[in-house]
Amino acid sequence: MENSSQIYHEKQKLQFCLLHALNNLFQEKDTFTRANLNTVAEQLVLVDPNRENQKWVPLIFKQHHNSITGNYDINVLISALEQKGKSVVWHDRRNGVSSIDLNKSEDVLMGIILNIPTVKFRGLWKSRHWIALRRIQGIWYNLDSDLNTPHAFRDADEVKEFLDFVIGCGAEVLLVLHDKE
């Protein structure tokens, strides 16, 4: 884990875990900003075919995010990644993690985004948390913004064990791919 000091790793603030997961995935501060993701969320509202049916627009709890704390949804994730030339493939949990090729070229598989259920305050608060996994210089890292430092996995088998565990806990697994031009 000597290389972890060279790994870019944003720490959790409020409910901006999607923002942190994206910047950790891209390994660069401000690849996305709060303003970027808010704009993406607002654009999604504008193209929503059902927007006419929405009589009021809440000030805080917006359709795709919370304007104060973040808490962005999957639509913001997919749209933000598409703007950067990436595509998202939702992993079908029925196929098991053995169907994920973690050794696929880094030119194809950029990384993995997880959306895991969380319970806080002794079960009073249930939410979901975004986490990025990425292979950097041949080593897979858990770049969870709740961790103090990135966690290096021993090998692809340990990554698969971790994925099996989080899927068993109700996590969704999203593969982030580089679009082919």
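**Close-up 1. Val97 and its contacts in the predicted model.** Leaving aside residues up to four places away in sequence, Val97 touches His91, Lys160, Leu163, Asp164 and Ile167. To find Val97, look in the loop between β1 (86-90) and β2 (109-120). Is Val97 buried or exposed? With a relative accessibility of 4%, Val97 counts as buried, because the cut-off for that is under 20%. Val173 sits 76 residues away from Val97 in sequence, yet their C-alpha atoms are 9.3 Å apart in space.

**Close-up 2. The largest nonpolar core.** This core has 29 residues, and those touching the most other members are Leu22, Leu25, Leu37, Leu77, Ile113 and Trp130. Which elements each supply at least two residues? They are α1 (17-26), α2 (34-46), α3 (74-83), β2, β3 (125-136) and β6 (172-178). The largest share comes from α1, with 7 residues.

**Close-up 3. Around Leu37.** Skipping residues up to four places away in sequence, Leu37 is in touch with Leu19, Leu22, Phe32, Tyr72, Val76 and Ala80.

**Close-up 4. Helix α1, mostly covered.** Here 10 of the 10 residues of α1 are buried. Leu22 and Leu25 are on that list, and so are Cys17, His20, Asn23 and Asn24.

Key. Residues are numbered from 1 along each chain as its sequence is written. This is a predicted model: local features need pLDDT of at least 70, side-chain atom pairs count only at pLDDT 80 or more; totals for chains, interfaces and linings use all residues. Side-chain values use heavy atoms; hydrogens and water are left out. Helices (H or I, at least four residues) and strands (E, at least two) are DSSP runs, numbered from the N terminus. Buried means under 20% relative accessible area, exposed over 50%, partly exposed in between (1.4 Å probe, protein chains only). Contact means heavy atoms within 4.5 Å. A nonpolar core is a set of buried Ala, Val, Leu, Ile, Met, Phe, Trp, Tyr and Cys residues joined through side-chain atoms within 4.5 Å.
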